[in-house]
Amino acid sequence: MAELQQDARRRIELRGRRFPRPAETRIVTVANQKGGVGKTTTTVNLAAALAQSGLNVLVLDNDPQGNASTALGVEHRAGTPSIYEVLVEGAPIAEAVQESPDVPNLWCLPATIDLSGAEIELVSMVARETRLRSALDTYLQWRIDNGLERIDYVLVDCPPSLGLLTVNAFVVAREVLIPIQCEYYALEGLSQLLKTIQLIQAHLNRDLHVSTILLTMYDARTNLAQQVASEVREHFPERTLRTTVPRSVRISEAPSYGQTVMTYDAGSSGALAYLEAAREIAERGAATTDVTPSNSATAESGAEEDR
């Protein structure tokens, strides 16, 4: 009954609501080296929720499995122009990006099976860690030069590993969003991920920081889920979203229809949870970028401490 009441409240609050635009493009990498925590699911559903709420969103599918491309309904068979050509051959993103057929203002740079060999091919390349960042900067400028609307959010989906593909994803981003499954093993991998992010900060991208933690697959009926959630909130109170994403059959079913849960069943508890999480992220971003001259120095020093 409590869940039904919560869903009803979310429907009233969120349906048709437009989210605030950030002052500049926010580039967020969704990462966790542990598999099965909901990285791709979180990426595509947050992207769809933000796009449905009036924002321009680009998803970079940086995972050789190409699951984000599947969920967004874009073509990613072998031979399709993809992120592989961008990383390895230096092709412009503009030639490979596709618009999602289900959600207006949502674009995807797909991944094909070719990307599985990119880890080896990148090893011997010049500026191998910064190739994705250079390509994205060029694409964002290309949109402006051609009179297209600015991209508000770029979400990067990562493979469940810490190889060169993930390093490129960390270098291209300014923020990291970490989905954490509400189980014990998920906490064990978090410390390793944070150490990796610190290394990237020190050597490749000093602007990178963990801005958001999202609890996924939350089952309020179990003590373990409540304990994990409590521990994460205790250690990262400012970064952990209030919204938790429940275990949901609808979320699991949606990719088999080539959709996100936002279009597959917009009224489901999973879709409403991702919509609320997207609103929280958008409002936090608007608050942090809206810095007045009098407190800008304080904000910068706080950011340095956070890094």
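Colleague: Which residues in α6 meet residues in α7?

Modeller: Arg131, Leu132, Arg133 and Leu136 in α6 meet Asn168, Ala169, Val171 and Val172 in α7, where contact means heavy atoms within 4.5 Å. These contact residues divide into 5 nonpolar, 1 polar and 2 charged. Nonpolar covers Ala, Val, Leu, Ile, Met, Phe, Trp, Tyr, Cys and Pro, charged covers Asp, Glu, Lys and Arg, and the others, Gly among them, are polar.

Keep in mind that this is a predicted model, where local features need pLDDT of at least 70, side-chain atom pairs count only at pLDDT 80 or more, and totals for chains, interfaces and linings use all residues. Residues are numbered from 1 along each chain as its sequence is written, and side-chain values use heavy atoms, leaving out hydrogens and water.

Colleague: What makes α6 oblique to α7?

Modeller: Helix α6 (residues 131-145) and helix α7 (residues 164-172) pack at about 45°, with axes 7 Å apart. Axes are lines fitted to C-alpha atoms, for helices over the stretch in contact, and angles run from 0 to 180 degrees between N-to-C directions. Under 35 degrees is roughly parallel, over 145 roughly antiparallel, 65 to 115 roughly perpendicular, and the rest oblique. So α6 is oblique to α7.

Colleague: Why is α7 called largely enclosed?

Modeller: Buried means under 20% relative accessible area, with exposed over 50% and partly exposed in between (1.4 Å probe, protein chains only). In α7, 9 of the 9 residues are buried, so the rest of the structure largely encloses this helix. Among them are Leu164, Thr166 and Phe170.

Colleague: How do you know that β8 is an edge strand?

Modeller: Two strands pair if DSSP finds at least two bridges between them. The helices (H or I, at least four residues) and strands (E, at least two) are themselves DSSP runs, numbered from the N terminus. Here 8 strands form an open sheet in the order β3-β4-β2-β5-β1-β6-β7-β8, with mixed pairing. The edge strands β3 (98-99) and β8 each pair on one side only.

Colleague: How many bridges join β7 to β8?

Modeller: Strand β7 (residues 209-218) runs parallel to β8, and 3 bridges join them; Tyr218 has Pro246 in β8 as its bridge partner. Strand β8 (residues 240-246) is mostly covered, with 5 of its 7 residues buried.

Colleague: Which strands does α9 lie across?

Modeller: Helix α9 (residues 223-235) lies across β6, β7 and β8, at about 170° to β7.
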